[in-house]
Amino acid sequence: LSGTLPVVRLSSAGQTYVATVALLALVSTLADGRAWYLVLVVLTLPLTPVALWVGFYAALAVGAAVGHGPDAVSWTVSLVWVAVWALTAWLNARMLEKVLRRGWAGRWVPTPDDA
């Protein structure tokens, strides 16, 4: 072990995707953001179920920590919601970039990135 983690950077397309998802997550927290929420869910496939589960419970926990009920939306809850969806988009983009670089079977084939 070298003791440090490698620096992982997304391509410009990946960064744009993450920024778009974060913006959609923010818009979905606004009043009547149902259509944006649907676009957000479709855009973050295949990790959407994870984001829904983690986002719901993280937002609920943060809301409880700051003293808001489940029906109230605060900036802290919105921030957590956006962070969870942005992280989901980052993971999706990272997985796609790895698959495009290595191929589908590349998970089991060592590459110079593994060194």
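Because the model is predicted, local features are reported only at a pLDDT of at least 70 and side-chain atom pairs only at pLDDT 80 or more, whereas totals for chains, interfaces and linings use all residues. Residues are numbered from 1 along each chain as its sequence is written, and side-chain values use heavy atoms, with hydrogens and water left out.

The protein chain contains four helices and zero strands, and from the N terminus on its elements run α-α-α-α; here helices (H or I, at least four residues) and strands (E, at least two) are DSSP runs, numbered from the N terminus. Of the 115 residues of the chain, 31% count as buried, where buried means under 20% relative accessible area, exposed means over 50%, and partly exposed lies in between (1.4 Å probe, protein chains only). The accessible surface of the chain comes to about 8,100 Å², and 71% of that area belongs to carbon and sulfur atoms; such areas come from the Shrake-Rupley method with a 1.4 Å probe, and for residues only the protein chains shown count as cover. Among contacts between residues at least 6 apart in sequence, 60% join residues at least 24 apart, a contact being defined by heavy atoms within 4.5 Å.

In soluble globular proteins, nonpolar side chains tend to be buried together. The largest nonpolar core of this model has 16 residues, and those with the most contacts inside it are Tyr17, Val18, Val21, Ala25, Leu40, Trp85 and Ala89; a nonpolar core is a set of buried Ala, Val, Leu, Ile, Met, Phe, Trp, Tyr and Cys residues joined through side-chain atoms within 4.5 Å. The elements that give two or more residues to this core are helix 1 (12-28), helix 2 and helix 4. When residues up to four places away in sequence are not counted, Tyr17 touches Leu43, Thr44, Ala89, Asn92 and Ala93.

Asn92 lies in helix 4 and counts as buried because its relative accessible area is 7%. Apart from neighbours within four places in sequence, Asn92 is in contact with Tyr17, Thr44, Leu45, Pro46 and Leu47. Thr88 is likewise found in helix 4 and is buried, at 7% relative accessibility. With neighbours within four places again set aside, Thr88 is in contact with Thr44, Leu47 and Ala51, and its C-alpha atom is separated by 9.9 Å from that of Val54, which is 34 residues apart from Thr88 along the chain.

The structure holds four aromatic pairs. One of them is formed by Tyr37 and Trp81 and is stacked, at 6.3 Å centre to centre and 20° between the planes; rings of Phe, Tyr and Trp (its six-membered ring) pair if their centres lie within 6.5 Å, and planes under 30 degrees apart count as stacked, over 60 as edge-to-face and the rest as tilted. This pair links distant parts of the chain, as Tyr37 lies in helix 2 (residues 34-43) and Trp81 in helix 4 (residues 75-102), 44 residues apart. Tyr37 is partly exposed, at 32% relative accessibility, whereas Trp81 is buried, at 15%. Ring pairs link Tyr37, Trp81 and Trp85 into a cluster.

On the surface, Val50, Trp53, Val54, Phe56, Tyr57 and Leu60 form a nonpolar patch with about 600 Å² of accessible area together. Patches are made of residues with over 30% relative accessible area and no salt bridge, like charges being joined within 9 Å and nonpolar side chains (Val, Leu, Ile, Met, Phe, Trp, Tyr) within 5 Å; a salt bridge is a side-chain nitrogen of Lys or Arg within 4 Å of a carboxyl oxygen of Asp or Glu. Tyr57 is found in helix 3 (residues 48-65) and is partly exposed, with a relative accessible area of 46%.
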